[in-house]
Amino acid sequence: MNKTIKASLATLSAAAFLAGGASAQALTGDLNIFLDTSNPAPRATMESAIADFQAMHPDLNIETTIIDRDAYKTQIRNFLSANAPDVATWYAANRMKPYVEAGLFEDVSDLWAEPEIGENLASTKGAMTIDGKQWGVPYTYYQWGIYYRKDIFDELGLSEPATWEEEKANCAKIVESGRACYAIGTKFLWTAGGWFDYLNMRTNGFDFHMQLAAGEVSWEDDRVRQTFANWRELIDMGGFLENHQSYSWQEALPFMTQGDAASYLIGNFAVAPLREAGLSDDQLDFYQFPVINPDVPLAEDAPTDTFHIPSGAKNKDNARAFLRYMVSTNVQTEINAGDALGQLPTNAMSKVDDDKFLNEGFAMLSSNSPGGVAQFFDRDFPAEMAKVGMEGLQEFMVRPDNLDAILKRLEKSRERIYK
Amino acid sequence: MTTPALPQTEYEPPRRSWYKRNEIAITPWLFLLPAILFFMVYVIIPIFQSFTVSTVAWDGLGEKEFVGLDNYRELLDDPAFWTSLRNNLIWLLLYLLAIPAGLFIALFLNQTVTGIRIYKSLFFFPFVISQVVVGLVFSWFYDPTFGLLNAILGFVGLGPINVLGDPTYVTYGIIAAGLWPQTAYCMILYLTGLNAVDPEQVEAARLDGAKGWKMLWYVIVPQLKPATFIAFVVTIVGALRSFDLISIMTNGGPFGESRVLSFYMFEVALSEYGFRMGYGAAIAVVLFLIMLCFIAYFLYSMYKEEKGH
């Protein structure tokens, strides 16, 4: 009896010790990691970060499985319940809710109680919290905004717009020159969600947008209609790329590089392919989505990618050590550097790589987004609402006259989904 | 021990094992057993499972909640369901065009010219390549900006159309892509069928003065009946399996106008945003009932055929 108590006390103190100085103590046993970072640059970044972790813990047996990013989204359901790894990547906010509610993600509030995580990652804590507990840690995020062809703006004598009037005036001139104002590809729907996020947050504010996401406001509300009315001004002007419903976001990029479209509302991940296609930093620039309603504070979309521990994991202590490692100051600086993920570190003590777009994005999110930071349409809205919603948004962009029928349909879905 | 050993008066056959005695009756079942087992586990039982799942609300992760026929009631009220059902019917009807098209190509190729084998294989080629490749090739062909179709239309002075981006054309555009390999399939079925056409009957018909359409309709086509039956079966099955082309070419879009039932089921139950297993199962049940009509018809006609012989 005494012996068992002593033994468990010993394990407890060992666990406490591990929690205190993870990097100092070499780990043993297994660690099974599932990643969705299948694109070449993120893949290499993750592999090298894991290799460094392995070097710190030579006796730890790490097994990494990298799954195609889109296939991962459907496979996660199966492996979380059937064959859980120790660490898995996913997304913040409502996107993790089904798994949290089904009890498939481990509560990691204990990690957030540690000052290195709780204080340094404070800005993303809200996005990781459901029911007052934290369910994972964020490892990267990126800004959204309007990327534009500076050379075309110069040619037409335009400057970065700050207000809706200027935005529309700019667009009118771009259309006059025979170009589309905005490249966009809505074949996979979600890009339309970005436009709605910004238009709604600029028209009605962040809080209203979140109420809509939480199902507390009717889709047939006049304020929502106002958002669509603003959107329609750009559509009627001919501002958006024609036939966008046939293209993916990547297929819409050539219009931008060839100068047939002047700008693109998209996430920072579009910068790398645009540079590869030959646009120099003199040709490509960035501005924050302009003010529409001056009475609401500016708010931004900044989707966050995350690490979680499945509740069925077998090596949770090792997994916690790995999470601590991935969000630590130096690792965050390293994996988010311009030649790695090329995004923003979630750790406030980390350094943002000296890249034009990362600097602008970081400045925007840290000082010019007082209203709040949203995740993204399909991460803030519940999955089902996001699906029917984005379909409606795409239909609106192609057939703006159908607005009443679309809103009615969305409202009906809202009543069913949030009951 | 005590029984005296009497001389054997009657012949008693040696005792055989139970299996030996029933060998003739049992053996076929033993051979069928693995197939029956797997057919039960992977086909029959899941069909009944879909029936039960279609009566619950379930996200595939948490608790199931019994809702009775609510899923079906919601289907009746769901415009996306009716669009999918309508598209399914369009697929079934238009896909049958592959049968006459295949027949005429087969008739055209059924001759002895130098290099005919090469022509035959060229016509058969689209069936050999993967549906995914067919879908990609056609979506480039239809591409509104760079596609060949609009280049050709522009050449004869017609305006550009975005086939896959326009809700009125999109289903027909995908069916056209599907017909390409399906026609090739029907063609190969008819080519083998034409080998079995009795030359004496053709000769006799010719003596009676039949030619052209009459010859085809009254002499050739009746003899091709087995080929026509198989072509009909594979075309119906092909139309109901149209999932991959839709997924590749439009992903169900624009705004869900090119969905068919199988794709809609996948979307609501299994895709990235799909968490409604019960609703998906209800769609699967409806799809199963549609298929059941055809399956019953096929079984019936095969049964009649066998009885006739």
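How many residue pairs are in polar contact between chain A and chain B? The count is 18 residue pairs, both at pLDDT 80 or more; a polar contact is a pair of N or O atoms within 3.5 Å, where within protein one must be able to donate a hydrogen and the other to accept it, and residues adjacent in sequence count only if both atoms are side-chain atoms.

This is a predicted model, in which local features need pLDDT of at least 70 and side-chain atom pairs count only at pLDDT 80 or more, while totals for chains, interfaces and linings use all residues. Residues are numbered from 1 along each chain as its sequence is written, and side-chain values use heavy atoms, with hydrogens and water left out.

Select next the side of chain A that touches chain B. Helix α18 (383–398) of chain A gives the most to this side, with eight residues; helices here are DSSP runs of H or I, at least four residues, numbered from the N terminus.

Then display both chains. The contact (heavy atoms within 4.5 Å) takes 28 residues from chain A and 32 residues from chain B.

Proceed to K412(A) and D77(B). They form a salt bridge, with the closest N and O atoms 3.6 Å apart; the term denotes a side-chain nitrogen of Lys or Arg within 4 Å of a carboxyl oxygen of Asp or Glu. Between chain A and chain B the count is eight salt bridges.

Finally, select residues 190–204 and 206–213 of chain A. These are helices α9 and α10, whose axes lie 7 Å apart, axes being lines fitted to C-alpha atoms over the stretch in contact. Among the residues making their contact are F196(A) of α9(A) and L212(A) of α10(A).

Notes
Chains lettered and ligands numbered in written order. Axes fitted to C-alpha atoms, helices over the stretch in contact; angles between N-to-C directions. Helix = DSSP H or I, 4+ residues; strand = E, 2+ residues; numbered from the N terminus.
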